[in-house]
Amino acid sequence: MTAITSIFLQYIRQQLRDKYSIFWNLAFPLLLLTFLALVFGGQQQPEITFQISLIPRDESLQDSALLDAAHYDSALSVTPQQVTAMRDSDQQETVLHTLHNIALQNDILQETALQNTADAALKKTAQQDDILQGTVLQGTTFQNAVLQETALLNTAWQNVALEEASFQDNTLSKAAQNDSARQDTVLTGPASENSFFTAGEYPEVNPAAGEMQEEKQGINPPASITPGFPGIQDLSYAAVLDDLFIGIEASEDSRWFKFHRLPEGVSAEDFLESEKTRLEQGERHLLLVIPEGTLAGPDVIELYHRSESQLSRIAADVITSILIEVNRELNIASGSLDRSELLASSTAQIELSTRQAERAGFSMAEYLVPGIILFTFLLSGLDIMVSRISSLRARGILRRYFATPLRPIQYFAGIIGYIIVLSLIQVILIYGWSVFFFNINLDIFDLRFIGYLLFGLIISLSFGFLVLGLVKSKESVGIITSAIIYPLAFLGGIFFPVTEIPGFIRFIVLINPVTYLTNGMRDLLGIYPSTTSPILNILVPAAWLVVGLIVSALSFKWNPGGEG
Amino acid sequence: MFGEKFYPDLKQYFANLKILTLSFLRDRQTVFFVMLLPLIFLIIFGSLYSQNGQGQANLVAIYYSETASLNPGEISAVIEENSSLAYQEVASFEEGEDLLRNYQADILLEVGDNRLDYYFNPVRLQDNPALEQQAALINRELDVRRTGMEEYLQLEIRDIPPDSSQTGTAVPSRLFSLFPGLIALGMASSGLFVIVELFHYFRERGVLKRLGASPLNRGSFIFALVSSRLPGSLLSSLLVLLASRLLFGVSFEINWLLFIPYLIIGTVIMMGLGALITLVTTTADSGFQAANILLTVMIFFSGIYFPIEFLPSYFQRASTFLPLTYLARGMQQIMGVSPLETGQFLLETGSLLIISLLLIIIVAKKSSWTD
Amino acid sequence: MSRENAVEVHNLKKSYDSLKAVDGISFYVKKGQVFTLLGPNGAGKTTTIEILQGLKTADSGRLKFFGREIERIGRQEKEEIGVLLQRTNYIEKIKVREMLEMFRSFYNKSRILEAADILERIELQDKSDDYVENLSGGQQQRLAIGLALINDPRILFLDEPTTGLDPQARRNLWDLIEDLKAEGKTIFLTTHYMDEAEKLSDYVYIMDRGRIIASGSPEELIEELGQDNVVEFAHNGLSKTALEELKASYPDLNLTEESISIYVTSLTEALIRLTAWAEAGDFKLDNLKIRRPNLEDVFLELTGRGLRD
């Protein structure tokens with residue numbers, strides 16, 4: 001047996017006998033992969049449903065609203081049975097269709113983290129756009145969870161900020177501005193009805209409940225509502241909204257929502273109180289207090305949510321967006337606005353160079369696999385190899401080795417052989433695991449990819465030698481490797497995209513060879529276009545390799561602190 | 001088994017406390033894993049969660065095509081009134097694309113004949129939904145202005161219960177709840193290992209035996225060792241608070257009367273978990289490794305870096321068995337990130353504390369100082 | 001008699017499962033003297049000394065500590081005891097002086113020494129700010145002695161104090177123990193080095209398999225052998241018949257792994273007889289040595305085994 005094989009076998013034995021190394025080196029990457037894929041990939045059926053309570057401002061309204069449904073103008077009236085037929089029909093003006101517009105085109109739903117498993121219709125629509133759009137929907141990226149939440153909240157906040165800051169002529173924002181309490185919270189504030197009515201333009205609307213019937217007959221349409229849509233002012237908001245929610249319940253998106261309605265024999269007031277308690281306890285995400293008025297004039301719909309609950313905020317956001325669209329549709333329905341007057345718009349993404357752009361979409365697991373492989377390489381080169389060598393070095397064993405005719409090259413060949421075998425096992429495990437559990441479809445046996453993989457492993461080993469060369473004491477070596485691995489991994493885009501990190505951290509992202517390696521790996525697998533040029537993906541890691549080799553060649557010592 | 005020795009002796013307590021604290025804080029590994037590593041993660045995740053959350057406006061590159069029917073004033077007025085947007089006109093579509101590609105612009109808007117086409121950088125997956133939302137807002141507002149739409153349904157959004165915590169900030173909640181989580185993590189790293197160290201490591205190295213041969217009061221030694229970890233928790237929490245303020249401009253309305261005791265209680269609770277590990281392991285090495293693995297698992301499943309809300313429900317259920325979940329939540333309440341739910345808070349903290357103390361006492365009773 | 005005794009032990013027993021580690025031993029330790037428990041590994045020395053250090057409780061037996069009959073060595077007694085364990089490790093990242101200060105705090109008695117005095121005594125003044133884990137083996141052992149002295153104990157229990165030390169460090173430690181003895185400290189030590197026992201002890205108990213098999217001052221014990229000289233030679237290549245022949249003349253010869261030793265009163269007569277026997281059997285008396293008997297011989301005589309077998 002040659003010296004190389006005996007050293008190699010020694011390390012393999014050590015690995016197999018230490019159950020903790022087996023955990024950290026083999027099981028941990030799989031756990032990490034599974035965890036991240038589950039969190040961000042949404043492989044599970046979502047078990048989140050927005051619990052929304054619909055509360056009439058007065059219970060007497062509910063019956064009348066339902067009754068009214070029979071008298072809807074056809075353009076606005078939809079029964080659950082009609083929903084399916086309507087989806088592909090020409091009835092563009094229906095409120096229901098608005099909802100579908102919202103669900104399919106508007107980003108609100110797409111933004112929610114729940115979208116990871118958004119249904120096939122959503123996926124299809126999005127995939128038509130662009131590969132990357134498809135990616136978003138399949139929840140392939142970090143965006144769909146954590147960062148996305150940031151974006152979402154950001155949006156929600158911007159929504160309000162926009163409403164507050166820029167929509168000066170909007171009655172709602174006027175009402176909001178009149179109420180100083182509103183400025184206290186990000187999303188909300190109890191804008192009082194009073195402020196609305198003082199700022200309101202339709203003093204003839206009587207908010208008192210119970211006088212509904214009279215009002216319906218007695219109120220003149222506001223000047224701005226043109227009579228081009230006869231009968232609309234007779235519709236109650238309650239009826240329109242009821243229709244909307246029934247439509248949602250009948251639609252493909254119904255599983256996102258569960259609407260709770262006023263049970264029989266309960267007063268609206270009591271219902272509101274009990275639902276508020278449920279909201280506090282987290283059993284509801286949103287309460288809607290449905291106005292009693294008719295379309296003859298504006299009315300206020302109150303949304304109760306819990307701002308510290310994320311789902312509650314998302315629910316509020318979704319419903320807000322739907323209601324804004326409803327408003328627009330009502331304008332169109334009333335004839336005060338023609339669809340042609342609206343600006344046409346589209347969203348698209350610019351082209352970036354990607355080598356296998358034909359690939360349509362990928363799953364979170366597919367996005368993660370190259371990253372996790374690279375992460376295990378970092379562990380192998382920076383943690384396993386470094387700690388093995390430094391531990392022998394600190395105990396003087398290495399020096400003892402070299403008191404025999406063993407040549408350094410033989411020793412390194414032995415340990416690197418062990419690292420390569422370990423890495424190979426890791427790659428096979430990760431790949432097998434994700435094929436089995438996440439059904440991935442990646443061509444990791446592509447020769448170019450394998451070559452690049454090897455390149456990545458070499459870079460990681462050179463980092464290891466860099467640390468061994470620069471840091472002498474065993475204790476510090478352990479610390480320094482941890483201090484390097486995590487920033488390299490997290491700021492190298494291994495687990496989620498980091499292109500947008502602000503400030504000085506961005507500098508780390510830019511000089512981090514892992515950034516380029518992950519980009520290169522994903523690009524080669526065709527699952528995510530590289531944000532950096534292919535040349536840089538080779539050059540930057542290679543530069544680190546050169547630095548690592550030079551520095552460690554100059555400063556590596558067999559027996560730091562000792563003589564010789 | 002302790003007999004009269006278990007009741008602490010103040011002089012010995014303070015002498016032990018001094019030594020053990022020094023021993024703890026002088027250790028480079030401690031300093032690194034209890035303080036620097038959380039700080040590194042704070043910076044990494046803080047940066048991630050605060051991306052674009054720092055109030056810097058998103059830039060819209062506007063390209064007016066030859067067929068543009070909207071006049072520049074209309075669009076710029078809308079954008080100017082939105083404090084989170086800024087704009088820049090570009091002379092060609094390609095110029096806009098370049099800006100987009102190089103992250104110098106966030107949205108490219110091509111103005112055509114009564115239409116607006118928005119373009120985004122596909123790489124910015126995490127931002128595009130928000131940016132597309134912005135685009136939709138621009139559209140909506142332009143529609144409102146150009147057509148004089150009616151506002152039929154007026155939205156009033158009310159919060160239940162009134163949110164008394166952070167005010168007037170646009171900081172995402174993820175960023176906000178990161179810091180209490182990190183402080184809880186600091187408590188975990190400083191508390192989890194100590195019981196293993198005491199009853200496995202010190203025993204294996206014969207330190208306990210030598211102490212046992214002196215008239216040392218064991219109670220004061222145990223209490224000193226337990227309290228010697230509190231400066232670690234305290235320092236790491238101060239570091240997190242300082243970093244949150246200096247680096248991310250986030251400050252908290254901390255209930256200090258609860259904060260300090262909670263640091264102590266939380267650290268003791270983590271020691272209880274360490275006691276459990278001590279009970280089920282036989283050597284210091286396996287104890288430390290098990291603690292390490294448990295800590296790693298807790299980092300993932302306690303909602304510190306990653307929101308557990310997004311986990312499948314069986315993982316969410318698993319997280320209810322991890323004390324760190326409760327510590328992170330309790331810390332959030334104390335730091336005003338979420339409202340204090342006194343009853344539940346007391347119940348959770350109280351029962352965890354009692355279980356932990358029981359576990360520590362069981363381990364202390366079971367362990368030998370003389371082997 | 002009991003007034004002069006620091007420690008008295010009667011019929012002390014301690015078993016681990018079926019193993020009788022200490023099997024009914026009795027002894028006493030006089031004040032101001034050095035007492036040594038000599039015996040091979042596994043003889044029960046450490047169990048005995050750990051009972052006296054208060055680390056273990058005997059299964060049965062009576063124990064007197066400075067004239068007071070006690071059940072076990074408790075906290076009160078520990079105030080007066082200085083302890084050196086077979087192996088002492090320290091809490092890491094603690095400096096030498098801090099370690100001494102910490103141990104000072106453990107004692108409540110009024111007479112307690114200053115850390116600085118101890119440092120001087122154990123000659124570690126210039127290491128007082130070093131971390132304990134960075135001391136050499138000998139320095140760590142000196143510090144352990146220092147910790148044993150910090151409470152100015154009336155009796156010191158030293159468990160194999162020089163095991164694992166290099167010859168120089170060993171000699172230094174012997175000097176230190178002799179100084180302590182000169183100061184009138186009572187010292188109880190265990191060892192398996194006969195030279196150590198011979199050099200330091202006033203009184204030796206030889207222990208084997210849980211029992212005390214002999215006692216007395218080193219001189220007395222050696223004298224009891226009744227032999228003036230030991231003749232020793234290597235036995236490699238010795239035939240069985242030749243050995244039987246020799247045994248006929250010297251029935252109590254000791255055969256160890258490498259050598260044969262014979263106790264003789266008349267050296268000249270023995271040498272003549274041996275050379276004749278060797279010549280007859282064509283046997284070389286390789287490595288022939290003539291020396292005075294020592295405690296090792298006593299042990300060998302008593303048990304038929306060497307101390308370090």
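1. In this predicted model, helix H10 of chain B runs over residues 230-248, and its length can be checked against expectation: at 1.5 Å a residue its 19 residues should span 27 Å, and the end C-alpha atoms lie 26 Å apart, which agrees. Seen down the axis of H10(B), the buried residues fall within an arc of 165 degrees, so they line one face of the helix.

2. The buried set in H10(B) consists of B:Leu230, B:Gly232, B:Ser233, B:Ser236, B:Ser237, B:Val240, B:Leu241, B:Ala243, B:Ser244 and B:Phe248. On the other side of H10(B), B:Leu242, B:Arg245 and B:Leu246 are exposed. Just after the helix, B:Gly249 takes a positive phi of about 65 degrees.

3. B:Arg210, which is placed in helix H8 (residues 207-212) of chain B, deserves a separate look. This arginine is buried yet has no salt bridge, and the nearest side chain of opposite charge, C:Glu50, is 11 Å away. Which residues does B:Arg210 contact, leaving aside its neighbours within four places in sequence? They are C:Val83, C:Leu85, C:Thr88, C:Phe103, C:Leu147 and C:Ala148.

4. Side chains of opposite charge can pair when their charged atoms come close. Over all chains, a search of the whole structure finds 32 salt bridges, and in chain A a network of them links A:Glu275, A:Arg278, A:Glu283 and A:Arg284.

5. Because its relative accessibility is 1%, A:Glu275 counts as buried, whereas A:Arg278 is partly exposed, with a relative accessible area of 29%. A:Glu275 also meets A:Arg284 in a salt bridge, at 2.6 Å from N to O, and here A:Arg284 and A:Glu275 are both buried.

6. In chain C, C:Arg104 and C:Glu101 form a salt bridge whose closest N and O atoms are 3.9 Å apart, which may be read against the cut-off of 4 Å for such a pair. Both residues belong to helix H3 (residues 96-106) of chain C and stand 3 residues apart, about one turn of the helix. C:Arg104 is buried, with a relative accessible area of 18%, while C:Glu101 is partly exposed at 31%.

Key: Residues numbered from 1 in each chain as written. Chains lettered and ligands numbered in written order. Predicted model: local features only at pLDDT ≥ 70, side-chain atom pairs only at ≥ 80, totals over all residues. Heavy atoms only, no water. Helix = DSSP H or I, 4+ residues; strand = E, 2+ residues; numbered from the N terminus. Buried < 20%, exposed > 50% of the residue type's maximum accessible area, 1.4 Å probe, protein only. Lys, Arg positive; Asp, Glu negative; His and termini not counted. Contact = heavy atoms within 4.5 Å. Expected span 1.5 Å × (residues − 1). Arc of directions from axis to C-beta.
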